Amino acid sequence: KQWYQRRVRVIILRLLFGTLYWYVCTSVIDGIKDNVGKCSTGPAETMLLCRAQGGMWKYVFDISGHMFMMVYCNLFITTHLEEMHEDEGPKGGSIPSQVISTMCLILVSLFDIMMVFTVLYWHTPPEKILGCLIGVAGWTLTFKQLVKLLAK
């Protein structure tokens, strides 16, 4: 029973931390996108001010939020699935567990397809790489470092 309670606590903390990480990162990425650029009509401090002046905002550096989200979500989902299957043991999971696993794998596959299109059609290589690195960093913090903190 203690093992189960600890496991549930770790999962809840991961979900809370993961959601906080997602919120902070997307806010920072959007903030950079909206404030680091040039206005076609002259000086403007933000994208909103530029558009209010009738100008077009030209991004100087736009971190790929799509790459961040898809890498982070894929790692998050697959790590949870791996742990779920470890908990079920060699007999395999129940029917609901298998359905959830299948649905998650379909979602991961969809994210993979979306990543291919993002790589092919949007952002510069440094913007995509930075988005991926932010996603991997979040997964590392959520699944590796948080577990070490909770184990103490």
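Biologist: Does Tyr121 count as buried or exposed?

Modeller: This is a predicted model, where local features need pLDDT of at least 70, side-chain atom pairs count only at pLDDT 80 or more, and totals for chains, interfaces and linings use all residues. Residues are numbered from 1 along each chain as its sequence is written, and side-chain values use heavy atoms, without hydrogens and water. Tyr121 is in helix H4 (residues 95-121); helices (H or I, at least four residues) and strands (E, at least two) are DSSP runs numbered from the N terminus. Buried means under 20% relative accessible area, over 50% is exposed, and in between is partly exposed (1.4 Å probe, protein chains only); because Tyr121 has 59% relative accessibility, Tyr121 counts as exposed.

Biologist: How many residues make up the largest nonpolar core?

Modeller: Such a core joins buried Ala, Val, Leu, Ile, Met, Phe, Trp, Tyr and Cys residues through side-chain atoms within 4.5 Å. Helices H1 (2-35), H3 (65-88) and H5 (125-151) each supply at least two residues of this core. Its members include Tyr21, Phe76 and Phe143, and the count is 10.

Biologist: Which side chain of opposite charge is nearest to Asp62?

Modeller: Asp62 lies in the loop between strand E2 (57-59) and H3. Leaving aside neighbours within four places in sequence, its contacts (heavy atoms within 4.5 Å) are Lys33, His123 and Glu127. Lys and Arg count as positive, Asp and Glu as negative, with His and the chain ends not counted; a salt bridge needs a Lys or Arg side-chain nitrogen within 4 Å of an Asp or Glu carboxyl oxygen. Asp62 is buried without a salt bridge, and the nearest side chain of opposite charge, 5.7 Å away, is Lys33.
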